[in-house]
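Subject: Structure handover

Hi,

Here is the structure we talked about. Please open it first, then read the notes below.

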Amino acid sequence: MSWPAAFVAALAAPVLEPRFVLRSVTLGASWEQPFTWATHRVAGADQVLVADPGRMTLRHGSVQPVSWRWSAGSLTMGLLHGVDLVGLARGQVVELLLALGPADLPDYERVWVGTLEQVAMGADRRWSVTCRALEGALTTRWLALDGDELGADPSLFREAGTTSTLTANYTAGDSTLYVADTDGASRPAGIGAIGIRVTPTTGDPFVLTAADALGTTEFIGVSSTGAMDTTPVDAVIGDTVTYLAYDEAHPADIAARVLLASGLYSAYPQTWSLGLPGHLWDQVDADAQVELATLAARTTSPAWVLAEDRPVRAASELLTSMLSSAGFWLCQRQGQLTVRAVHRLEDIPVTHVATASDIVRWSYQAFGGEVEYRGVTVSDRGSRVAGSAPATNSIDDYSPVGVWAAIHELLGGALPPVATEASESTSFGAIGGQGPRSLPSAGYHQRTLPVYGTTADRAAWRTEVALRTLNWCTRLTESITLTLRGWQWAELTAGDVIAPSWPAELLTSRRGPDDPATKGGPLLIIGGGPDYPRPTTTFQCLALPPADTE
Amino acid sequence: MSAAIWWTAPGAPAATKLSLSAPLADLQRVEVRDEVVEESLTGAESRTVTRTRSRITVKYGPTHNASEVRALEALVGHLDRGGTCQLAEDESQAYAAYVDSVATVDHGSAGTSMYATPWAHSGATLTAGDDIVLQGPSPKYLRERTVVGSYLSNSRIVTWSPATYFRWTYQEWMLVRHWGFWPALRRAKEDRGRNPIRHTARRHWSLELVLDEDMSLLDLIAQTPDQPLLIDSASGAPSEAELEELSRLEGGGMLGGGALGGGRWGGA
């Protein structure tokens, strides 16, 4: 939910009298030590006045162009003295609240969320508290589950990879599967199927989905065809089956399901979810980002597949990798987690225009990137399986076992060269067929998506991702750091645009001669935010010069 | 018109009143604001203000009164340890009280009703014609000066003239005090470590102190705006403000004596 209009209006006031509260977010974990640390006394709240607004640094996150991987920020706040350390735990979720003037605690607005990282006293005997931005500090689940013993594994997908054996022969196409024990097999309630990897005595492993388990020894509603481009073959009693954490959905939806314990995406089994409260996620905003991308059909094929066969202890990396491969990233906006995606600049709505009256200072670099690519090649997992895999690739592309192991690597950006068939990849060259203008230049920017399903659907994904990422790879951007007056710009986050209205005489740019129209064009924000407690907002931005032919 | 200073040593049963034998030689006030100002290309300004308070420079003497000098040395030691004091330029004009319904004090208001004064130990009251200051919390720090028209001690209703210029309606609290009475002062951080008592051949002694309004303490007292301060410890429970000062002076153990809210460890 976005900030109320009155709060945004107050952020734009010429005189700002900020009051901050850093407090714990109660998740319900037994080890939580609730605290409320404030810079000013808050009527009606049981708080400790310890935070020094003069010694506060909020480092905002930023997204790395081309790879679209997100680097999360951090918060350091000076304390006037030590705080009660007994019971305090690293990793507690905290929220930074802001009020502009006297306010009761419910009237403070959340401006940032993170986790407690450190409380320290320096050599100068000054205390400070350091927090990491929440999206960069996701590791394992916060909450123990009912019946958990002390020290139970809090890993995400902790049952993933559980194995059993067939207790009856399986013939390819059967709708049931009999196993020694279904324990460890889970699925998203109501929206998903159980993912089962079968390793037959003869033939390659394959993946089946089952609608549900019946009793403790039988799966029903088993798919007649293989999932993830695998082909079922006959299997016999004693063959190994492995239960996966399996879901097919838009990556933004998968991210929400992994993050949240409740709300719209409560469908995941508890061990698949980090357990964050729903109010830390902005579903409306995330939906708008997904809709802005041209591929709006988020619940139908093609299937973007999450398939984990091992517990995950670094959820931030899992989500960052998954989202970045689609040109999405998990970030913060207005004190909540959400997603942003790279788009064509012209597709992003301009909501904020900065005039000379708003601009305090800026710096400019004519060449903002490292290289210009000749084009973009997007392939999908299907093409990788169907195509001829490089012989040097250590991953067996024909083996579903390799598929699981490869998921992380595939999503991590360190992709080996992939041989693709024309029908299974989407290539976009530079505009007008010209090569890059700046040196050094590079070949095609390559990206592989973990999508499966029909050829047409896969092509839709490839085209969409290629279109969105193309310009940012094939044109060398300009880099601008922009400092603006006030905090009302904090509505924006990396991935949004801002349109400065430069005084014409102040800046020439690669976007053309002294043409206010091009100079006033939108800039893509890739990082930054309000400079609490200074009365300014600083953004790192990219500008896109027109193509040579334009 | 002699000046007076009140302070309470930790563990003392009641406040110490130091009545000076002569008026102050000087008292100058400046307003100290912790703020950051940025200007845009067109000169439009944006500011963040995090703290505001009055800073006064008090001069007293020269004096020959040895017992007075001894008392002042004790006071300075108290202030250097982080203690607070109250100062009245005229000990008969040492009244301060919080307004009990700030929401009614708007631009053009000519009076209001007040809580009982927490500084009852001074024994002072308002009288028609007294110079008074109306002031609010930091960092907004509204402050204006006016003159008492009338004061009803039973109902604690005061009228003043001229009427208020500012809109006090949305302030967390509003303090009415004699212009020469400073109900919460501590030694300015920058002034500590300098001996404020000077002498000439040990015959003439003079004092020069730089004191800051303790806005945090005024905030804290405003939480219980009519609870008497500096009471005889045998006759009632100490206030939150007194506990806070005690914590500051005595230390809070390993975690240190907090400058703010030191008596309230643990949060929620």
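**What B:T48 touches**

B:T48 is in contact (heavy atoms within 4.5 Å) with A:L16, A:P18, A:W487, A:P533, A:R534, A:P535, B:D34, B:E35 and B:V36, leaving aside residues up to four places away in sequence. Its place is in strand β4 of chain B, residues 45–63. Strands (E, at least two residues) and helices (H or I, at least four) are DSSP runs, numbered from the N terminus. B:T48 counts as buried because its relative accessibility is 1%. Buried means under 20% relative accessible area, exposed over 50%, and partly exposed in between (1.4 Å probe, protein chains only). The B:T48 side chain also reaches the backbone oxygen of A:P533 at 2.7 Å.

**Ground rules**

This is a predicted model: local features need pLDDT of at least 70, side-chain atom pairs count only at pLDDT 80 or more, and totals for chains, interfaces and linings use all residues. Residues are numbered from 1 along each chain as its sequence is written, chains are lettered from A and ligands numbered from 1 in the order in which they are written, and side-chain values use heavy atoms, without hydrogens or water.

**The A–B interface**

Contacts join 36 residues of chain A to 31 residues of chain B. About 3200 Å² is buried between the two chains, and carbon and sulfur atoms give 56% of that. Buried area here is the accessible area (1.4 Å probe) that two parts lose on being put together, summed over both.

The rule finds four salt bridges across the interface of chain A and chain B. A salt bridge is a side-chain nitrogen of Lys or Arg within 4 Å of a carboxyl oxygen of Asp or Glu. B:E38 forms a salt bridge with A:R361, with the closest N and O atoms 2.8 Å apart. On the side of chain A that touches chain B, β1 (15–16), β2 (18–24), β4 (48–49) and β23 (359–365) of chain A each give two or more residues. β23(A) gives the most, with four residues.

**Chain A and the cores**

Chain A has eight helices and 31 strands. Of its 550 residues, 57% count as buried.

The largest nonpolar core has 53 residues; A:L134, A:L138, A:F157, A:L259, A:L276 and A:W281 touch the most other members. Such a core is a set of buried Ala, Val, Leu, Ile, Met, Phe, Trp, Tyr and Cys residues joined through side-chain atoms within 4.5 Å. α2(A) gives the most to this core, with six residues. A second, separate core of 38 residues includes B:A96, B:A124, B:M174 and B:L175.

Best wishes

Conventions. Polar contact = N/O pair within 3.5 Å; in protein donor to acceptor, adjacent residues only side chain to side chain.
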